[in-house]
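Trainee: Hey, can you walk me through this structure? I'd like to start with the ligands.
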Amino acid sequence: MSQAQATENTLATPVGTTLERYIKRKEAEFAYATGELSQLLRDIALAGKIVNREVNRAGLSRITGAMGEKNVQGEHQQKLDMEANIRFIRALTNGGEACAVLSEEDEHIIETGNTHGKYVVAIDPLDGSSNIDVNVSIGTIFSIYRRVSRIGGPARKEDFLQGGRAQVAAGYILYGSSTMLVYTTGHGVAGFTYENSLGEFFLSHPDIKIPRQGPVFSCNEGNWFDYPEFVRTFLTTCKERRLTARYVGSLVADYHRNLFTGGIYLYPPTVAKPEGKLRLLYEGYPLAFLIEQAGGMAVTGADVVLDVHPTSDLHQRAPLFVGSADLVQELQAVAAQ
Ligand code: AHG
Ligand code: MN
Ligand code: MN
């Protein structure tokens, strides 16, 4: 190809739709939209860009390793867990639209001081912490509700306990071989890829749909002898059909891969964790909202995740089986036997 042709091709190729332009265009489609949710999504994207930079430099800026403290989950907090936590809370505080944040890393809800903010955000600031120091993909998961507490007053716990179907938006950021932001506001799922040189997220996957079937199952088979019988029976059928086992150990990474290839991710109850390991409010609900928007399913076993009524425990755990609708239904059929 001649230089002239290459230049012509480059000029002919549009730069693409930035997240900013996409949000504005979508806002125009909602008569009642007043721009606050759009601003909230921008604030989350900004924090994602900052965390992306920290993740990419982690080995150099000595923020790998453990803090030497445990979070409310009793899990060792990694320095990057806390770094991400600070970045998202600061971005949401400065953005002005969120009156409170619930974070995996803090026992109680965090008031941002934006008492006139109409939204609250539940967040897993860094998912896949065990992979931070070994350069494996990690992520951030977020879930957004309109507050039910009085605007102008303090946020309340109930703002976060409305149930999965009350979410107005949810999504994740995957810090992987490329950094992607994937989210829904209840009108399908859109994916954006980060262009480092421009510091922008560009629309790369306008309408993500998960295949009804898929070649992948994702679980920690080290827990095999602690799984319920129906899980072992289902996994055995997967192996008999020669499905592929893929498990990164970062929920966001396994979920994202299965979203495109088709497949099922399982974090079942175990003897040690009878409610599973994953937290309902900032892992189960947001990923269940996304998967249903993408044509898939998410269940806790017998129950659909989005229909599970939250208890008063902000950090309550729930089993999670999520991915291609046919595979999740096959699992439920085995569970019902
Ligand atoms: P987090 O790092 O936010 O605590 O989440 C880790 C979760 C999830 O990302 C991953 O799929 C799962 O823990 C891995 O758990 P096991 O190491 O028990 O398989
Ligand atoms: Mn997590
Ligand atoms: Mn986490």
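This is a predicted model: local features need pLDDT of at least 70, side-chain atom pairs count only at pLDDT 80 or more; totals for chains, interfaces and linings use all residues.

Trainee: Okay, how many residues surround ligand 1?

Mentor: There are 18 of them, and the closest are Asp 127, Tyr 247, Leu 251, Tyr 265 and Tyr 267. By class, that shell has 6 nonpolar, 5 polar and 7 charged residues.

Trainee: Which strands supply at least two residues of the shell?

Mentor: Strand E5 (119-127) and strand E13 (264-267) each do. The largest share, 3 residues, comes from E5.

Trainee: And which domains does the shell draw at least three residues from?

Mentor: Domain 1 (14-205) and domain 2 (216-336) each give at least three.

Trainee: What lies 2.7 Å from an oxygen atom of ligand 1?

Mentor: That's a polar side-chain atom of Tyr 265. Asn 220 also has a polar side-chain atom, 3.0 Å from an oxygen atom of the ligand. For Arg 279, an N or O atom in the side chain is 3.1 Å from a ligand oxygen.

Trainee: How much of ligand 1 does the protein cover?

Mentor: On its own the ligand has 470 Å² of accessible area, and the protein covers 87% of that.

Trainee: New topic: metals. What coordinates the manganese ion (ligand 2)?

Mentor: Asp 124 (OD), Asp 127 (OD) and Glu 283 (OE) do, at 2.0 to 2.1 Å. Along the sequence, the spacing of those donors reads D-x2-D-x155-E.

Trainee: Where do Asp 124 and Glu 283 sit in the chain?

Mentor: Asp 124 is in strand E5 and Glu 283 is in helix H7 (residues 280-293), so this pair links distant parts of the chain, 159 residues apart.

Trainee: Are Asp 124 and Glu 283 buried or exposed?

Mentor: Both are buried. For Asp 124 the relative accessible area is 1%, and buried means under 20%.

Trainee: What about the other ion, which protein donors does the manganese ion (ligand 3) have?

Mentor: Glu 104 (OE), Asp 124 (OD) and Leu 126 (O), lying 2.1 to 2.2 Å from the ion. Their spacing along the chain is E-x19-D-x1-L.

Trainee: Which residue coordinates both ions, then?

Mentor: Asp 124 does, and the two manganese ions are 3.7 Å apart. Glu 104 lies in the loop between strand E3 (98-103) and strand E4 (110-111) while Asp 124 is in strand E5, so the pair ties together parts that are 20 residues apart in sequence.

Trainee: Last one: why does Glu 104 count as buried?

Mentor: Because its relative accessible area is 4%, and the cut-off for buried is under 20%.

Technical notes. Residues are numbered from 1 along each chain as its sequence is written. Chains are lettered from A and ligands numbered from 1 in the order in which they are written. Side-chain values use heavy atoms; hydrogens and water are left out. A residue is near a molecule or strand if one of its heavy atoms lies within 4 Å of it. A polar contact is a pair of N or O atoms within 3.5 Å; within protein, one must be able to donate a hydrogen and the other to accept it, and residues adjacent in sequence count only if both atoms are side-chain atoms. Accessible areas come from the Shrake-Rupley method with a 1.4 Å probe; for residues, only the protein chains shown count as cover. Helices (H or I, at least four residues) and strands (E, at least two) are DSSP runs, numbered from the N terminus. Ala, Val, Leu, Ile, Met, Phe, Trp, Tyr, Cys and Pro count as nonpolar, Asp, Glu, Lys and Arg as charged, and the others, Gly among them, as polar. Domain bounds come from an automatic or database domain assignment. Donors are N, O and S atoms within 2.8 Å of the metal (3.2 Å for Na, K and Ca); water is not among the atoms, so sites may look incomplete. Buried means under 20% relative accessible area, exposed over 50%, partly exposed in between (1.4 Å probe, protein chains only).
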